[in-house]
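The reader may wish to keep the structure in view while following the text.

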Amino acid sequence: MPMTEPLPVEGSTAWYPWATEIHANVNNIEKQAEFWTYAVGDDITAITVGTNKGEFYMPFAFTMSSYRLTVRTGGTVQATIVDINKNGVTTMTTNKLSIDVSEKTSTTAATAAVLTTATWALDDIVTIDFDQVGTGAAGVQITFYGTRI
């Protein structure tokens with residue numbers, strides 16, 4: 001069939017059943033896990049305790065499976081604890097994201113974060129709070145893991 005002719009539609013005399021099969025397969029593709037990283041501040045300046053240290057709008061509906069917190073410079077004296085809020089409400093009511101003293105990632109934290117809110121809608125407001133900060137901690141990045149809805 002030459003490229004200039006339109007693709008026949010179902011019910012026409014020249015309908016191609018394979019076109020329906022391809023369409024059905026495209027609609028049944030499994031949702032792929034994905035992630036993105038959000039930097040809060042710069043890589044050098046020490047962070048300080050406070051609310052709304054970072055803010056962005058969800059670019060799509062998403063089911064969150066986990067978060068990962070990293071710092072370029074690990075803090076001393078006490079752990080760094082970060083809260084992630086959805087429209088002003090925490091998404092981790094029990095254990096929040098934390099990095100132990102002199103560590104650089106939450107994956108090695110003695111206490112793992114517990115996600116209590118997983119579903120996010122398009123344009124939900126995400127805010128980042130620093131609840132506790134290790135002395136000298138800097139270069140905060142948060143990685144969000146999950147699947148689009």
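How many helices and strands are there in the chain? In this predicted model, the chain holds 1 helix and 9 strands. Read from the N terminus, the elements follow the order α-β-β-β-β-β-β-β-β-β. The chain has 149 residues, of which buried residues make up 32%. Its accessible surface comes to about 8,900 Å², and carbon and sulfur atoms account for 56% of that area. Among contacts with a separation of 6 or more, 77% are between residues 24 or more positions apart.

An open sheet is formed by 4 strands in the order 1-9-3-7, and the pairing is antiparallel. Strand 1 and strand 7 (119-120) are the edge strands, each of which pairs on one side only. In general, strands of a sheet pair through backbone hydrogen bonds, in either a parallel or an antiparallel manner. Strand 1 and strand 9 are joined in the antiparallel sense over 7 bridges. Trp36 has Phe144, in strand 9, as its bridge partner.

**The nonpolar core**

The largest nonpolar core comprises 25 residues, and Ile84, Ile142 and Phe144 are those with the most contacts inside it. Two or more residues each come from strand 1 (34-40), strand 3 (62-70), strand 4 (80-86), strand 6 (97-99), strand 8 (125-132) and strand 9 (140-148). Strand 3 gives the most, with 4 residues. In soluble globular proteins, nonpolar side chains tend to be buried together.

Which residues does Ile84 touch, leaving aside those up to four places away in sequence? The set includes Tyr67, Leu97, Trp120, Val126 and Ile128, together with Ile142 and Phe144. Val89, Thr90, Thr91, Met92 and Thr127 are also touched by Ile84.

**Salt bridges**

A search of the whole structure finds 5 salt bridges.

| Salt bridge | N to O distance |
|---|---|
| Glu34 and Arg148 | 3.0 Å |
| Asp83 and Lys96 | 3.3 Å |
| Asp131 and Lys96 | 3.3 Å |

The side chains of Glu34 and Arg148 meet in one of these salt bridges. Glu34 lies in strand 1 and Arg148 in strand 9, so this pair ties together parts that are 114 residues apart in sequence. Glu34 counts as partly exposed because its relative accessibility is 24%. Arg148 is likewise partly exposed, with a relative accessible area of 40%.

Asp83, Lys96 and Asp131 are linked in a network of salt bridges. Asp83 belongs to strand 4 and Lys96 to the loop between strand 5 (89-90) and strand 6, so the pair ties together parts that are 13 residues apart in sequence. Lys96 also forms a salt bridge with Asp131. That pair links distant parts of the chain, since Asp131 is in strand 8 and Lys96 in the loop between strand 5 and strand 6, 35 residues apart.

Is Asp83 buried or exposed? Asp83 counts as buried, at 4% relative accessibility, because the cut-off for a buried residue is under 20%. Lys96, at 25% relative accessibility, counts as partly exposed. Asp131 is partly exposed, with a relative accessible area of 34%.

Note on methods
Residues numbered from 1 in each chain as written. Predicted model: local features only at pLDDT ≥ 70, side-chain atom pairs only at ≥ 80, totals over all residues. Heavy atoms only, no water. Core = buried A, V, L, I, M, F, W, Y, C linked by side-chain atoms within 4.5 Å. Buried < 20%, exposed > 50% of the residue type's maximum accessible area, 1.4 Å probe, protein only. Contact = heavy atoms within 4.5 Å. Areas by Shrake-Rupley, 256 points an atom, 1.4 Å probe, with all protein chains shown as cover. Pairing = 2+ DSSP bridges. Salt bridge = Lys/Arg side-chain N within 4 Å of Asp/Glu carboxyl O.
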